[in-house]
Amino acid sequence: MKCGSCVQAVEKLLKNHPNISNASVNLVTKTAFIEVKEPNISLSDVIQTLASKGFPSRERVYQTIGNNADSEINENWNLWNKWRQLIIATSLLILSVMGHLVEGQQLSFPLIGSLPFHAALATFALLGPGKSILKAGLKSASTLTPTMDTLVSLGVLSAYLASIIALIWPKVGWPCFFNEPVMLLGFVLLGRFLEERARVKTGTALKELAKLQPETANLILDNNEIRQIRIGALRPGEKIQLLAGDRIPIDGLVIKGNSAIDVSSLTGESLPLEAKPGIELPSGSLNLESTITLEVKRIGSETAIAKIISLVEEAQARKAPIQGLADKVAGIFCYGVTTLSLMTFLFWWQIGTRIWPEVLEVSNKGFMQSHHVHNHLMNTPQTPIGLSFQLSIAVLVVACPCALGLATPTVITVASGEAAKRGWLFKGGDVIEMASKISQIIFDKTGTLTIGRPLVVGSWEHKDSTRNMMLKVAASIEQDSRHPLAKAITQEAHKKEIKLEKVSTSTTYAGKGLAGKINNLEGLIRVGTPEWIKSEGIEWDEMSEKNLKLSKRKAQSIIAVALEKKLLGFFLIDDQLRKDALLSINKLRSRGFSLSLFSGDRDSAVLSLGEKLGFTEQQIEWQMLPSDKLNKLNLLKTNGLVAMIGDGINDAPALAAADLGVAIGTGTQIAQDSADLVLLGENLEALPNALQLSKQAMLKIKQNLAWAFGYNLIALPVAAGLLLPSFGLLLSPPLAALLMALSSISVVFNALSLKSK
């Protein structure tokens, strides 16, 4: 595929196939993402159809090894092939220029200055570096699916055939254009080579992600021998050894050792993850400190890094709606240009040169014109048919559906790749476009603005007690409990490095608390709600009651601790605000977003959090069921496009219904599946940054489309000779080819500038 009309042709062929329901084609990555009506169907007839129409294809097979060597070899070969063609074409171009200098008596090489020499150069250019372009262009023309190659082929062959006729039958009075095929092909191939180099750079972010997965792993055999094997040979349940400095090749569970793991390549998190037995580690992350042993959980396409790469590739294939306009225009563009070229030829041949006969004199002085030094072939400086040929060829060559076809996919490819490097997964070009238009944002509370797990945020101790004693007693009793509040207390004890005692007896009172005894301490310990502790006859004085009321204003949950009949104190437990929540909220407010806070929690906890983050009471909703969130969201949609940010199962309906569903990567799988944008890791500041990237990407797309449309709007009339009568300005075919190449290159480099932002 070379241009937007190629994309349109391939999509049309795919969508017309009886087993394909939808197809999206990407010019930059040269891939087609298809949705089939029946699973496991053979694509051989689809591939055969595409090949017969001039688009040789193959089915993409997932590589278990991230470093796809075949793809890289193929890419390098394409680049080398274009480089080789360019070298040959440039050599021919230099010889052609030398021939002109000899004709102008500025060099003395009689053989080079002859007309047969120029004819031989043009013939060699067509059969050598230009052969693939001519072959593809003529095949596309014969199947009525014209492409950029068709336009170049028609221009080059018209010039060549007219020149051959003029050489064989001088009496026709036509000029010779033997320099045109040589120069046209030289500039077209220069543009293709530079474009290919730039195109390779657009996929570097995805390649960097793929390189995070190593090719080998250290397998631990049954006799504890270590053997290095390929990643593809690993099976779930096997054990591998990971040394300090190694990349993790699979998704695995730590079963031995402790280390720090750098997950920044996947999530953007700067702080390392603490790896210890029981912790699952994603593929692609880096072991920083010491040797650990992993049990293989997921391999190949099931690993975290493979799913991210797959998601990004799918995103690059899914088009933004704005691209539809460019593709439709590019699809009919070639027909329009061919018609304009024919009309230009007929007009200047039969009408234009009779109305303005002076243009025949002016056109002889243009840039890189025909071989008028060969005056022995012609009686006048220029002929009507010679001028007509030049202008019609320039129209064919200057047209640039390449720029139209590249305008959107280059930006989408760069933007989605760069976002993935930072841990932001857009699920399509359409998602990037939607993200740029959002005006309202709804936040879920738990797990989104907060970290999603309860922690001890404070305590009150009775005058005869201490905090460490309370922690030791409470955590010892709670150490085997799975209740989230019990985990908060035991986690706090571990943090303070308090040694826990063994439990001798323990009884659970559902919804109330725990009672039991521990070694080395006499008396019954009770840990639970203040109401239950009071009901058990524990001493509860006025000071205890006063501090209980104060504590309820500061935290969502209060856990009291008592020994026998004496109150030791109570812990304040709450879900903590994400460290960057306030910064992220303020960034979004400063950019003009309307913000709301939804939660299923009780009013006091939600209002308290909302106050910290600057929400007004009108922007906050509490004690909401999933259906309530959905109804309220649909109401807000009447005021503009809405994004919903959530992480739990209860957020899934609202995430799916929102114009843009955003899931925090630490949340549930169903939330991530329902969302359009997934922010990996725990960094909430990724949200305003991802939305900003989407706006920058759309700006680049609009710039590219404006340039592509504007270029053709100006270049085509100039090429058709609009300025020739009034200003004597003529756009020669070689200059037209150079402008066409620069147009495509400028679009790709504009997209690449996103990387520096």
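Predicted model: local features only at pLDDT ≥ 70, side-chain atom pairs only at ≥ 80, totals over all residues.
Residues are numbered from 1 along each chain as its sequence is written, and side-chain values use heavy atoms, with hydrogens and water left out.

**Stop 1: aromatic rings**

Select F345 and F389. Rings of Phe, Tyr and Trp (its six-membered ring) pair if their centres lie within 6.5 Å; planes under 30 degrees apart count as stacked, over 60 as edge-to-face and the rest as tilted. By this rule there are nine aromatic pairs. The pair of F345 and F389 is tilted, with 5.2 Å from centre to centre and 55 degrees between the planes. F345 belongs to helix α11 (residues 321-355) and F389 to helix α13 (residues 384-398), so the pair ties together parts that are 44 residues apart in sequence. Helices (H or I, at least four residues) and strands (E, at least two) are DSSP runs, numbered from the N terminus.

F345 is buried at 15%, and F389 is buried at 13%.

Next, select F347 and W348. Their ring centres are 5.2 Å apart and their planes stand at 85 degrees, so this pair is edge-to-face. F347 is partly exposed, with a relative accessible area of 30%, whereas W348 is buried, with 3%.

**Stop 2: the nonpolar cores**

A nonpolar core is a set of buried Ala, Val, Leu, Ile, Met, Phe, Trp, Tyr and Cys residues joined through side-chain atoms within 4.5 Å. In soluble globular proteins, nonpolar side chains tend to be buried together. Select F426, I441, F443 and L679: of the 119 residues in the largest nonpolar core, these touch the most other members. Helix α26 (residues 686-719) supplies the largest share of this core, 14 residues.

Now centre the view on L679. Contact means heavy atoms within 4.5 Å. Not counting residues up to four places away in sequence, L679 touches residues including W424, V662, I664, L687 and A690. A second, separate core has 23 residues, among them M470, I477, I498 and V561.

**Stop 3: helix α21**

Select helix α21 (residues 581-590), where S584 is found. The buried residues of α21 are A581, S584, I585 and L588. They cover an arc of only 100 degrees around the axis, which puts them on the same side of α21; the arc is that of the directions from the helix axis to the C-beta atoms. An α-helix has 3.6 residues a turn, so residues three or four places apart point the same way.

What covers the buried residues of α21? The cover includes β13 (440-444), α16 (445-449), β19 (566-577), β20 (594-598) and α26. S584 has a relative accessible area of 2%. Leaving aside its neighbours within four places in sequence, S584 is in contact with L684, E685 and P688. Just after α21, G592 takes a positive phi of about 90 degrees.

**Stop 4: helix α18**

Select T490 in helix α18 (residues 484-495). T490 counts as buried at 11% relative accessibility. A polar atom of the T490 side chain lies 3.0 Å from the backbone oxygen of K487. Apart from its neighbours within four places in sequence, T490 is in contact with A475, E478 and Q479.

**Stop 5**

Two strands pair if DSSP finds at least two bridges between them. Select strand β16 (residues 513-518), in which five of the six residues are buried. Strand β15 (residues 503-509) pairs with β16 in the antiparallel sense over six bridges, and T508 has L514 as its bridge partner in β16. These two strands, β15 and β16, form a hairpin with three residues between them, and G511 in the turn has a positive phi of about 75 degrees.

Strand β17 (residues 525-528) pairs with β16 in the antiparallel sense over four bridges, with G516 opposite I525 in β17. The β16 and β17 hairpin has six residues between its strands, and N520 in the turn has a positive phi of about 65 degrees.

Key
Buried < 20%, exposed > 50% of the residue type's maximum accessible area, 1.4 Å probe, protein only. Polar contact = N/O pair within 3.5 Å; in protein donor to acceptor, adjacent residues only side chain to side chain.
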